[in-house]
Each structure stands twice: as structure tokens, then as C-alpha cells.
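Morning, everyone. Please have the sequence and the 3D view open while I talk.

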Amino acid sequence: GLLHAPRAAAAPRNAQGFAARTLAEALASLGATDAIQSPDIVIAAPDIAENGVLIPIEVSTRIAGAESISLLVEKNPFPLLAHFDLSNGAEAYVNTRFKAGQSSTVRAVVRAGGKTWFASREVKVTIGGCGG
């Protein structure tokens with residue numbers, strides 16, 4: 001008897017969301033056009049990024065039963081930066097890095113219990129990272 005590890009399966013990719021060219025289109029692809037601002041979402045990112053090529057960002061929330069966290073950068077050519085599905089009581093926390101070609105508002109969108117919340121933060125970029 002050989003034991004086989006179960007296969008990992010990726011969630012379907014939101015192709016429409018990642019192809020969106022505007023913040024409104026990206027939010028619509030997430031079903032977040034009516035998201036409510038929440039103080040229970042915390043975005044940790046630098047106020048000023050000296051180089052837009054590698055900007056650290058952490059997002060956490062105290063909203064119970066968080067199912068997903070999406071990150072958007074308003075002025076990027078493709079605003080939807082990342083989408084994380086959370087399951088089985090996973091901690092509602094993400095830590096990643098992103099590119100930004102110019103100063104912009106960064107938005108974190110959290111879905112839980114059929115509702116959508118968001119928080120935003122301005123990040124100033126002194127040297128752009130997105131090119132054209």
C-alpha cells in the first residue's frame with residue numbers, strides 16, 4: 001500500500017476582474033459595488049513608497065466569518081491586484097507586495113456572510129513601478 005496525497009485544486013480565476021481597466025469594473029466583478037466602509041478592516045502599507053516596484057501591504061479584519069479578501073489599486077492599469085479566498089475558519093489576514101506606477105488609493109474588500117465591506121488607504125509613490 002502506497003499512500004497518495006490528495007490533489008490540490010485551485011479556485012476558478014476571476015478573469016473578468018483581473019482584466020478590468022477601471023476600479024468600477026473591478027468592483028463589479030467582485031460583487032462589491034455596494035460595499036460598506038468598515039473600521040474592522042486594517043490596511044498596513046507605507047504612507048510613502050520610495051519605489052513603486054515593490055510596495056509591502058498587509059490586510060487583516062475582525063469581521064467574523066470572512067470568506068475572501070481582495071486588494072485593488074485605483075490608478076493601476078488593471079486595478080484588481082489580488083483575490084484571496086478564505087475557508088475553514090482561516091485567519092482573515094494577507095501579506096503581499098504590489099506595484100504602483102503612481103500615488104493611488106489602495107482598497108481592501110472583504111466578503112463575509114453575503115455582505116461586502118471595504119477600507120482604503122492612500123499610498124504615495126515617488127518612483128513609479130508599473131511602466132506605461
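I'll go through the salt bridges, then one serine.

This is a predicted model, where local features need pLDDT of at least 70, side-chain atom pairs count only at pLDDT 80 or more, and totals for chains, interfaces and linings use all residues. Residues are numbered from 1 along each chain as its sequence is written, and side-chain values use heavy atoms, with hydrogens and water left out.

How many salt bridges does the structure hold? Two. A salt bridge here is a side-chain nitrogen of Lys or Arg within 4 Å of a carboxyl oxygen of Asp or Glu.

Take Arg62 and Asp40. Their side chains meet at 3.1 Å, N to O. Arg62 sits in the loop between strands E4 (55-61) and E5 (66-73), and Asp40 in the loop between E1 (36-37) and E2 (41-44), 22 residues apart. Strands are DSSP runs of at least two residues, numbered from the N terminus. Arg62 is exposed, at 59% relative accessible area. Asp40 is partly exposed, at 30%. The cut-offs: buried is under 20%, exposed is over 50%, partly exposed is in between, with a 1.4 Å probe and protein chains only.

Now the other pair. Arg121 bridges to Asp47, with the closest N and O atoms 2.7 Å apart. Arg121 is in strand E9 (residues 115-125), while Asp47 is in the loop between E2 and strand E3 (48-49), 74 residues apart. Arg121 is partly exposed at 24%. Asp47 is exposed at 51%.

Last, the serine. Ser70 lies in strand E5. Is Ser70 buried or exposed? Buried, with a relative accessible area of 2%.

Terms used: Helix = DSSP H or I, 4+ residues; strand = E, 2+ residues; numbered from the N terminus.
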